[in-house]
Amino acid sequence: INFMEFKICPDGSVGIILKKDKKYLMFRRLKKPEGWAGVAGHLDGDAPLDAAIKESKEEIGIDIQFKKLDFLFQKKIFPNSCWRGDYNSHEWIVYEYELVAGENPRINEPEKHANIGFFTAEEIKEKFAKEPHDPAWLNIFSKAGVI
């Protein structure tokens, strides 16, 4: 890969790996980049923690508390297409969150997401091998040691 071909989105991205009973939350993203993914979004000028909290509320209706949100890593991820323009990579900041009793994620934006569920590492590997998925999430789950 020629690193000169990287076109990094000027707005960074945040991702949250949500866990429950050794399973991980994913849904099908219906817009670019389409396929299986986790909760994520652009920073939009917010601090990374604030963006993570905002995206979790917007996408799955869960109000993440600061004390439970663990920083995992920061990394440039390629390939990672962007609906905002002709970009093929983003600077990601990734957190992990363990859901607690009573927190029931749901699709909040049916025009953007569908098929929410919790999946084991093996199920994620199988889905990523056979079905469309956001390549950034393959990278994120790999880097985090999930798959």
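A: Let us begin with a cysteine: Cys 82 is buried, with a relative accessible area of 2%. Buried means under 20% relative accessible area, exposed over 50%, and partly exposed in between, for a 1.4 Å probe and protein chains only. The model is a predicted one, in which local features need pLDDT of at least 70 and side-chain atom pairs count only at pLDDT 80 or more, while totals for chains, interfaces and linings use all residues. Residues are numbered from 1 along each chain as its sequence is written, and side-chain values use heavy atoms, with hydrogens and water left out.

Q: How many disulfides are found in the whole structure?

A: A disulfide is a covalent bond between the sulfur atoms of two cysteines. The criterion is a pair of cysteine sulfur atoms within 2.5 Å. A search of the whole structure returns 0 disulfides. Cys 9 takes part in none, and its nearest cysteine sulfur, that of Cys 82, is 3.9 Å away. That distance from the sulfur of Cys 82 to the one in Cys 9 is too far for a bond. Cys 9 is buried, at a relative accessible area of 6%.

Q: Which residues does Ser 89 touch, leaving out those up to four places away in sequence?

A: Contact means heavy atoms within 4.5 Å. By that rule Ser 89 touches Phe 6, Lys 7, Ile 8, Cys 9, Ile 77, Phe 78 and Asn 80. Ser 89 sits in the loop between β5 (69-77) and β6, where helices (H or I, at least four residues) and strands (E, at least two) are DSSP runs numbered from the N terminus. With a relative accessible area of 1%, Ser 89 is buried.

Q: Is Asp 21 buried or exposed?

A: Asp 21, in the loop between β1 (13-20) and β2, counts as exposed at 65% relative accessibility. Its C-alpha atom is separated by 20 Å from that of Phe 71, 50 residues apart along the chain.

Q: Where is His 113 placed, and what is it in contact with beyond its neighbours within four places in sequence?

A: His 113 belongs to strand β7 and counts as buried at 5% relative accessibility. Its contacts beyond those neighbours are Phe 27, Arg 28, Arg 29, Leu 30, Glu 59 and Ile 107.

Q: Which residues of helix α2 are buried, and why do they lie on the same side?

A: An α-helix has 3.6 residues a turn, so residues three or four places apart point the same way. In α2 (residues 121-130), Ile 124, Lys 127 and Phe 128 are buried. They cover an arc of only 95° around the axis, which puts them on the same side of α2; the arc is that of the directions from the helix axis to the C-beta atoms. Glu 122, Ala 129 and Lys 130 are exposed on the other side. The buried residues of α2 pack against β2 (23-29), β3 (35-37), β7 (113-119) and α3 (135-143).
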